[in-house]
Amino acid sequence: MSERLIMVTPDDVPTGSDSKVNGHLMSNILPPKSYLHRAFSAFIFRPSDGRLLLQKRADEKITFPSMWTNTCCSHPLWLDAEREEKGQMGVRRAVQRKLLHELGIPLETIKLDEMVYVTRIHYLAPSDGKWGEHEIDYVMFIVADVPLEPSPNEVSDTKYVSKDELEAFFKDPQNSFTPWFKLIAQSFLYKWWDHLLEGGKADLERVKGLIESGGERDTIQRMVE
């Protein structure tokens, strides 16, 4: 928790850095302090059938432990390489770093230019009375076959799901999910997933143009009151 987050304004303009501890304390997140940091949510789809890779967060995670979520969700850090904003390059490097750290996916498996930036969402979600999230979250799509060697300190389980299976998974009361994953699924994931799978196999090139022309990637989607 000593790593430094990129603190931002509601328009995603960096203002400096702070520790992960300070960035996730509800006493700092709530007004009047309203701490806000940059984050990402990566979604990896299997090329052969378009199934989405999910992970279940480890029990010892401070925020949202033991919950199912998208492939990988974390933060770019206050490092020169991860603060580069042109082409979301800093976020892309952070995605590579965390896929290796959490899931054991080698850096060379997913190239930076193979990630498709979808949009940004601004959301706030308490985890418990002490911890929570308040983020500008970059949504990144990836189509790749990946080897997995999850870190048990980060991930307790993984699974691939189809769109129909995920919808059923959400409805099962025995399962719990991170709030950002549900927000992204309800607002963006399903409609782009349909385009991704036209023709039977996952093809990012098919939806890349639609995403780029849709206007959503240029706008921060506000999901806070």
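Arg222 is found in strand 10, which covers residues 220–223 of this predicted model. With a relative accessible area of 41%, Arg222 is partly exposed. Leaving out residues up to four places away in sequence, Arg222 touches Pro10, Asp11, His122 and Ile136. One of these partners is also joined by a polar contact: the side chains of Arg222 and His122 meet at 3.0 Å. From Arg222 to Phe181 there are 41 residues in sequence and 15 Å in space, C-alpha to C-alpha.

In soluble globular proteins, nonpolar side chains tend to be buried together.

Not counting residues up to four places away in sequence, Phe141 touches Phe43, Phe45, Glu114, Met115, Val116, Val118, Leu189, Trp192 and Leu204.

Next come the cysteines. How many disulfides does the structure hold? There are 0. Cys72 is in no disulfide, and its nearest cysteine sulfur, that of Cys73, is 6.3 Å away. Cys73 is likewise in no disulfide, with the sulfur of Cys72 as the nearest cysteine sulfur. Cys72 is buried at a relative accessible area of 0%, and Cys73 counts as buried at 10%.

Asn70 sits in the loop between strand 5 (68–69) and strand 6 (72–74). Is Asn70 buried or exposed? Asn70 is buried, because its relative accessible area is 0% and buried means under 20%. The side chain of Asn70 reaches the backbone oxygen of Cys72 at 3.0 Å, and a polar contact of 3.2 Å joins the side chains of Asn70 and Trp180. Beyond its neighbours within four places in sequence, Asn70 is in contact with Ser41, Ala42, Phe43, Leu53, Leu54, Gln55, Trp180 and Phe181.

Now for the aromatic rings.

| Pair | Distance between ring centres | Angle between planes | Arrangement |
|---|---|---|---|
| Trp68 and Phe169 | 5.4 Å | 70° | edge-to-face |
| Phe170 and Phe181 | 5.4 Å | 50° | tilted |

Trp68 lies in strand 5 and Phe169 in helix 5, so their pair ties together parts that are 101 residues apart in sequence. Phe170 of helix 5 and Phe181 of helix 6 tie together parts that are 11 residues apart in sequence. Trp68 is buried at 7%, Phe169 at 11% and Phe170 at 17% relative accessibility. One aromatic cluster is formed by Phe43, Phe45, Trp68, Phe141, Phe169, Phe170, Phe177, Phe181 and Trp193.

Charged groups meet rings as well. The charged end of Lys159 sits over the ring of Phe169, 4.3 Å from its centre, and that of Arg46 sits over the ring of Tyr160, 4.3 Å from its centre.

Technical notes: Residues numbered from 1 in each chain as written. Predicted model: local features only at pLDDT ≥ 70, side-chain atom pairs only at ≥ 80, totals over all residues. Heavy atoms only, no water. Contact = heavy atoms within 4.5 Å. Disulfide = S-S within 2.5 Å. Buried < 20%, exposed > 50% of the residue type's maximum accessible area, 1.4 Å probe, protein only. Helix = DSSP H or I, 4+ residues; strand = E, 2+ residues; numbered from the N terminus. Polar contact = N/O pair within 3.5 Å; in protein donor to acceptor, adjacent residues only side chain to side chain. Phe/Tyr/Trp six-rings, centres within 6.5 Å; stacked < 30°, edge-to-face > 60°. Lys NZ or Arg CZ within 6 Å of the ring centre and 35° of its normal.
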